[in-house]
Amino acid sequence: MTLTAVGKIKQNQIKVEIEIMARNRMEINRNQMESQMKIMARNRMEINRNQMESQMEITARNRMEIKKRKYLMEKTRTVKKTKMVLEKETKKRKDLMEKTRTVKKTKMVLEKETKKRWFWKRRQRKGRI
C-alpha cells in the first residue's frame, strides 16, 4: 500500500464519518422537531379544552343569572299584584267605612227628627202648644 492509497482510505473514512454525523444530526433535528410539534399540538388541545370549559362555565353562569332574573321579576310581579289587591281591599274598606259613617249620620239625623216630631206631637196632645 502506498502512501496515497492510505491517504485516500483515511479520506474516505473521514467522509463516511462526516456523512454519519450529518445523518445523525439530521435525525436528531427531525426527532426534536417531531417532539416539538407533538408538544405544540398537546398545548393547542389543552388550550382548546380550557377555552371550552371556561365557555361552558360562562354559559352556565349566564343561565343561572337569567333564571335568577326571571325569579326576581316573577317575585316583583307577585308583590305588585299583592300590593294592588291590598290597595283595592283598603279602598273597599275605606268606602264601606265612609258609607257606614254616612248611614250612621243619616240614622242619627232621622232619629233626632223623629224624636222632635214625637216631642211636638206629645206636646200637642197634651195641649201645651
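View 1. Aspartate 95 is partly exposed at 39% relative accessibility. Here buried means under 20% relative accessible area, exposed over 50%, and partly exposed in between (1.4 Å probe, protein chains only). Lysine 91 counts as exposed, at 52%. The two side chains form a salt bridge, 3.7 Å from N to O. A salt bridge requires a side-chain nitrogen of Lys or Arg within 4 Å of a carboxyl oxygen of Asp or Glu. Aspartate 95 and lysine 91 are 4 residues apart in helix 1, so about one helical turn separates them. Helices (H or I, at least four residues) are DSSP runs, numbered from the N terminus.

The model is predicted: local features need pLDDT of at least 70, side-chain atom pairs count only at pLDDT 80 or more, and totals for chains, interfaces and linings use all residues. Residues are numbered from 1 along each chain as its sequence is written, and side-chain values use heavy atoms, with hydrogens and water left out.

**View 2. The pair glutamate 74 and arginine 77.** A salt bridge joins these residues, with the closest N and O atoms 2.9 Å apart. They sit 3 residues apart in helix 1, so the separation is about one helical turn. Glutamate 74 is partly exposed, with a relative accessible area of 41%. Arginine 77 is also partly exposed, at 39%.

View 3. The side chains of glutamate 98 and arginine 101 meet in a salt bridge of 3.0 Å, N to O. Glutamate 98 is partly exposed at 43%. Arginine 101 is partly exposed at 40%.

**View 4. A positive surface patch.** Arg117, Lys121, Arg122, Arg125 and Lys126 form this patch. Patch residues have over 30% relative accessible area and no salt bridge, and like charges are joined within 9 Å. Lys and Arg count as positive; His and the chain ends are not counted. The place of a charge is NZ of Lys or CZ of Arg. Accessible areas come from the Shrake-Rupley method with a 1.4 Å probe. Arginine 117 lies in helix 1, which spans residues 3-126. Arginine 117 is partly exposed, with a relative accessible area of 48%.

Key:
Patch = residues over 30% accessible without salt bridge, like charges linked within 9 Å, V, L, I, M, F, W, Y side chains within 5 Å. Helix = DSSP H or I, 4+ residues; strand = E, 2+ residues; numbered from the N terminus.
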